[in-house]
Amino acid sequence: CPCNAPHRHRDVAPPAALRGDGAVPLSRMHHWLTLSGRALKRELRGTALDWLHRATLARTLCVVLGNLGHPSSRPVLERVAAKDPDAMVREHAEWALARLP
């Protein structure tokens, strides 16, 4: 990631949700989709994801959840499709919902 190039946060340990085998639990992705931009920035501060705008990450999370196809994602995706302030995020949530069983 270009934002990591100078390693500006070498002394900051990544949050527990971003350590380990690289897999982010569904529950964490669902949680991130429910956060406002400021809350998401606070949660991801000092990680490789902190440079992303909320809409960019939310859109990507919708694609990931749609591709995973896990039924437990339905409630959060329905909420995002109905109420997210960003039209592109709503559209991606609808796409993801169409892929769930």
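Modeller: A crossing is called left-handed if the near helix is turned anticlockwise from the far one by less than a right angle, and right-handed if clockwise. Helices here are DSSP runs of H or I, at least four residues long, and strands are runs of E, at least two; both are numbered from the N terminus. This is a predicted model, where local features need pLDDT of at least 70 and side-chain atom pairs pLDDT 80 or more, while totals for chains, interfaces and linings use all residues. Residues are numbered from 1 along each chain as its sequence is written, and side-chain values use heavy atoms, without hydrogens or water.

Start with α1 and α3. Their crossing is left-handed. The two axes come within 10 Å and cross at roughly 140°. Axes are lines fitted to C-alpha atoms, for helices over the stretch in contact, with angles from 0 to 180 degrees between N-to-C directions. Contact means heavy atoms within 4.5 Å. From α1, Leu26, Met29, His30, Trp32 and Leu33 meet α3. Their partners in α3 include Ala58, Leu61, Cys62 and Leu65. By class, this contact has 10 nonpolar, one polar and one charged residues. Nonpolar covers Ala, Val, Leu, Ile, Met, Phe, Trp, Tyr, Cys and Pro; Asp, Glu, Lys and Arg are charged; the others, Gly among them, are polar.

Now α2, residues 37–44. Its buried residues are Ala39, Leu40 and Leu44. They sit on the same side of α2, because they cover an arc of only 120° around the axis. That arc is taken from the directions from the helix axis to the C-beta atoms. Buried means under 20% relative accessible area, exposed over 50%, and partly exposed in between, with a 1.4 Å probe and protein chains only. The cover over these buried residues includes α1 (26–34) and α3 (54–68). The face turned away carries exposed Arg38 and Arg42. Just after α2, Gly46 takes a positive phi of about 85°.

Next come α4 (residues 74–83) and α5 (residues 87–99). Their axes come within 7 Å and cross at roughly 145°. This crossing, too, is left-handed. By class, the contact has eight nonpolar, no polar and four charged residues.

Finally, the core. A nonpolar core is a set of buried Ala, Val, Leu, Ile, Met, Phe, Trp, Tyr and Cys residues joined through side-chain atoms within 4.5 Å. The largest has 22 residues, and Leu33, Cys62 and Leu77 have the most contacts inside it. α1, α2, α3, α4 and α5 each supply at least two residues. α3 gives the most, with five.
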